[in-house]
Amino acid sequence: MPFSKLGLSDKVLAAVKAAGYPAPTPIQEQAIPYVLARRDVLGIAQTGTGKTAAFTLPMLTMLETGRARARMPRTLILEPTRELAAQVEESFVKYGAKQKLNVALIIGGVSFDDQDAKLTRGVDVLIATPGRLLDHFERGRLLLTGVELLVIDEADRMLDMGFIPDIERICKLVPFTRQTLFFTATMPPEIQRITGQFLHNPVQIEVARPATTVAAIAQHLVKSGSKPHEKRDVLRRLIRSSDNFKNAIIFCNRKTEVAQLHRSLLRHQFSAAALHGDLDQSARTAALDSFRKGEVKLLIASDVAARGLDIPDVSHVFNFDVPHHADDYVHRIGRTGRAGKSGTAITIASPIDSKSLAAIEKLIGQPIAWMGEPPRADDASDAPETVERPRGRQRERGAERGGSRGGGRGSARSQPKPAQRQAESPVARLDEARTRQPAKSPPPRQQPESQAESHLPAFLLRPTRVKA
Ligand code: AMP
């Protein structure tokens, strides 16, 4: 179905044409008519599906009539991170160029006064992170009783970041009669509960995960010892030897590692910027801009900071750490191979990562090829038997929240205690010559059925080779 059949206004159709979109994506095609019909929508979709335009385009159409009043926004969009909020604001600028709408961004890390001045002038679209929004509300600078439409975006990530109580509070502050558009990539029970409570007879639209369909991403594993300096060695070799390398996003599990790896790469003369929640907003924006413009080739990021970012032309993703959550792997590799381009995702894996790798392979439904030889079964013999998710993770993620309120909303307290850190195994360093070899398809793996159940990756089941 063409855009012209969805019920969008002429001005919005002109903006879509100017953006060069040939046809609506599935989520746009399915959601836009219902949004325009003022129905609540539950969209199970993630970034890369075109979901931002699925709500911004009909909102722009609807906002063509009516006027904003001081301190009473007409529509409210909640985003988990400042960068996502800024990205949505850019969409309004791009698609709403022909309209005189007031769009305000209410995020942590920037001056209250400027935000306050904007609110006073009256806003049609308020895009906010939950913490900073509630700060303004509590100061009495904002009334939510005029909100006609509420968008809750990336709800499952809000859950990860501990935002759900804030979301529940905000839902109770906006009028019961508002329209609600709710987007989430997954439906854990807590999210199901919220949708039952705050959506009224919603139309449910589910679109495929982009990453499971992105055949354009070549995925590889590279073995390494588990010590940070061993992994840094491997990473540098990978960056220097990767084919078709243009630029890369490098993911770490913790923001402390992001900072450490950033310093190390700069010391080794790489062109690199870092993106994590402890940086102030101007540093985060500068890092992203310089990467987008190609001024720096490497962007080192944590999951939360990089979640949902739309950077169209990324040739490589490196997982410096294997993510503890298989879902994060899918989000990470989806930063490359976008917009019809091919991409490469390489994960540095040490023996202590075996459980996480097995979960990832189970989720994506395929084994990931090893570059060079896979680790031997005895590589893992010195590794700890079980690797627990660090208890500090939830709090560290919370520390990257968009809000800037005090009272434990992110501080040095979120660092994991030494005892919680993963033990390091004395695995031998990766053989340099092996990593230089171009990636080869792995031999077909014979995966016994019991393997999936026990979450053991294939390399742990290989027979041990004993040197003569
Ligand atoms: P999103 O899932 O909202 O993060 O969108 C991902 C990317 O898809 C953005 O760069 C959009 O500019 C782009 N996009 C959105 N809608 C379309 C469309 N109908 N056709 C082509 N690209 C689109």
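## The ligand and its polar contacts

An oxygen atom of the ligand sits 2.5 Å from an N or O atom in the side chain of Tyr 21. That is a polar contact, meaning a pair of N or O atoms within 3.5 Å; inside the protein, one atom must be able to donate a hydrogen and the other to accept it, and residues adjacent in sequence count only if both atoms are side-chain atoms. Thr 52 also has a polar side-chain atom 2.5 Å from a ligand oxygen. On its own the ligand exposes 490 Å², and the protein buries 78% of that (areas by the Shrake-Rupley method with a 1.4 Å probe; for residues, only the protein chains shown count as cover).

A word on the source: this is a predicted model, where local features need pLDDT of at least 70 and side-chain atom pairs count only at pLDDT 80 or more, while totals for chains, interfaces and linings use all residues. Residues are numbered from 1 along each chain as its sequence is written, and side-chain values use heavy atoms, with hydrogens and water left out.

## Who else is around the ligand

There are 14 residues around the ligand, and Tyr 21, Gly 48, Gly 50, Thr 52 and Asp 310 come nearest (a residue is near if one of its heavy atoms lies within 4 Å). Sorted by class, this shell has 4 nonpolar, 7 polar and 3 charged residues. The classes go like this: Ala, Val, Leu, Ile, Met, Phe, Trp, Tyr, Cys and Pro are nonpolar, Asp, Glu, Lys and Arg are charged, and the others, Gly among them, are polar.

Asp 310 sits in the loop between helix H14 (303–306) and strand S12 (316–319). Helices (H or I, at least four residues) and strands (E, at least two) are DSSP runs, numbered from the N terminus. Is Asp 310 buried, exposed or partly exposed? It counts as partly exposed, because its relative accessibility is 38% (buried is under 20% relative accessible area, exposed over 50%, partly exposed in between, with a 1.4 Å probe and protein chains only). Asp 310 and Gln 87 are 223 residues apart along the chain, with their C-alpha atoms separated by 7.8 Å.

## Strand S4 and its partners

Strand S4 (residues 125–128) points Val 125 and Ile 127 one way and Leu 126 and Ala 128 the other, and all are buried. S4 runs parallel to strand S2 (residues 75–78), joined by 4 bridges, and Leu 126 in S4 is the bridge partner of Leu 76. Pairing here takes at least two DSSP bridges between two strands.

S4 also pairs in the parallel sense with strand S3 (residues 103–106), over 4 bridges. Leu 126 turns up again in this pairing, standing opposite Ala 104. S3, helix H5 (residues 112–121) and S4 make a right-handed β-α-β unit; right-handed means that, with the strands pointing away from the viewer, the path from the first strand over the helix to the second runs clockwise.

## The seven-stranded sheet

Here 7 strands form an open sheet with parallel pairing, in the order S10-S11-S9-S12-S13-S8-S14. S10 and strand S14 (369–370) stand at the edges with a single partner strand each, so one side of each has no neighbour in the sheet.

S10 and S11 run parallel, joined by 4 bridges, with Ala 274 partnered by Ile 300 in S11. Together with helix H13 (residues 281–292), S10 and S11 make a right-handed β-α-β unit. Strand S9 (residues 248–252) pairs with strand S11 (residues 298–302) in the parallel sense over 5 bridges, and there Ile 249 has Leu 299 as its bridge partner.

## Positive phi and a buried Phe

Arg 71, in the loop between helix H3 (51–62) and S2, has a positive phi near 65 degrees though it is not a glycine. Arg 71 counts as buried, because its relative accessibility is 18%. Gln 269 is likewise not a glycine and has a positive phi of about 70 degrees. This one lies in the loop between helix H12 (255–267) and strand S10 (272–275), and Gln 269 is exposed, with a relative accessible area of 69%.

Phe 183 belongs to strand S6 (residues 179–184) and is buried, with a relative accessible area of 1%. Phe 183 and Ile 44 are 139 residues apart in sequence and 5.8 Å apart in space, C-alpha to C-alpha.
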